[in-house]
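Hello,

Here is the structure I promised to hand over. Please open it alongside this note.

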Amino acid sequence: MPELPEVETIARTLREGVLGPALPGLRFIGVSTRWPRHFTSPRLPTFRKRIQNRRILDVTRRGKYLVFPLDEGSLLIHLRMSGDLLLAPTDQEPGRFDHTRFHLDNGWDLRFSDARKFGRVSLVPDKEQLLGSLGPEPLEAGFTPKLLAELLADHHRMLKPLLLDQSFIAGIGNIYADEALHIAGLHPLRRSDSLGEDEVHALWHGVREALLAGLKHNGASIDWVYRGGEFQNHFRVYGREGEPCPECGSTITRIVVGQRGTHLCVHCQPEVET
Ligand SMILES: [Zn+2]
């Protein structure tokens, strides 16, 4: 599933026009879809009317959402498991997974390619309706070690599922949670309120370092159709069960935490009673 670095990379690509026209300034003139269930709030018939002639002001990201502020309201797209957004001329045949196509006033489409069809599209007057419950953005200045210490102390939960909770911190999924915990040297089962000051700082650093490494490589291309990112070639532990730890050479193990495969080095991330 695309996480913060992958979604951020897509937002930047669409905003700057890396693989087609830059979107800011263009208007939507229609929508075609083979999968009306992409449209949740509002449903398709209303969405169709409201998107008509709306001008795109910017392309941004909040958590794992792509956010398109419009001259009236905001378009939000959540890629979920396998979604990707690409640009193609409207007269070009849609690809196998291009289930939803937003037609633009310059003869191009914004195409929502979504092999597993779990993606979601919303058009809301106030984006906070959907984004208001998200936790802090981990790469923004407001995310300080002090804030993280307070958030951790407020919970008595295992670190791995807590990091995946979008209301705790926004944008982290299975890849970056495992990478962050390895950088921090913390076991995924540690309880959040058991961390000392140095450990909190290590986790803060680990979260940011993992995400920044992902961004540097344009995200990871794994388990989904997102093309271009190559962070998968730089994973420390994620998906590397049985391979050596880059820090100490011990064998990386995989455990299951809250039904999610979790990769760690038990030497660098010792289990401690908490
Ligand atoms: Zn190690």
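Buried below means under 20% relative accessible area, exposed over 50%, and partly exposed in between (1.4 Å probe, protein chains only). By that cut-off, C245 and C265 are both buried.

Two notes on the source first. This is a predicted model, where local features need pLDDT of at least 70, side-chain atom pairs count only at pLDDT 80 or more, and totals for chains, interfaces and linings use all residues. Residues are numbered from 1 along each chain as its sequence is written, and side-chain values use heavy atoms, with hydrogens and water left out.

Zinc site

The zinc ion has protein donors C245, C248, C265 and C268, each through SG, at 2.2 to 2.4 Å. Donors are N, O and S atoms within 2.8 Å of the metal (3.2 Å for Na, K and Ca); water is not among the atoms, so sites may look incomplete. Along the chain the donors are spaced C-x2-C-x16-C-x2-C. C245 sits in the loop between α7 (197–216) and β10 (253–257), and C265 in the segment after β11 (260–264), so this pair ties together parts 20 residues apart in sequence. Strands are DSSP runs of E, at least two residues; helices are runs of H or I, at least four; both are numbered from the N terminus.

T100

T100 lies in strand β7 (residues 98–104). It counts as buried because its relative accessibility is 0%. T33 is 67 residues from T100 in sequence, yet their C-alpha atoms are 4.2 Å apart.

Best wishes
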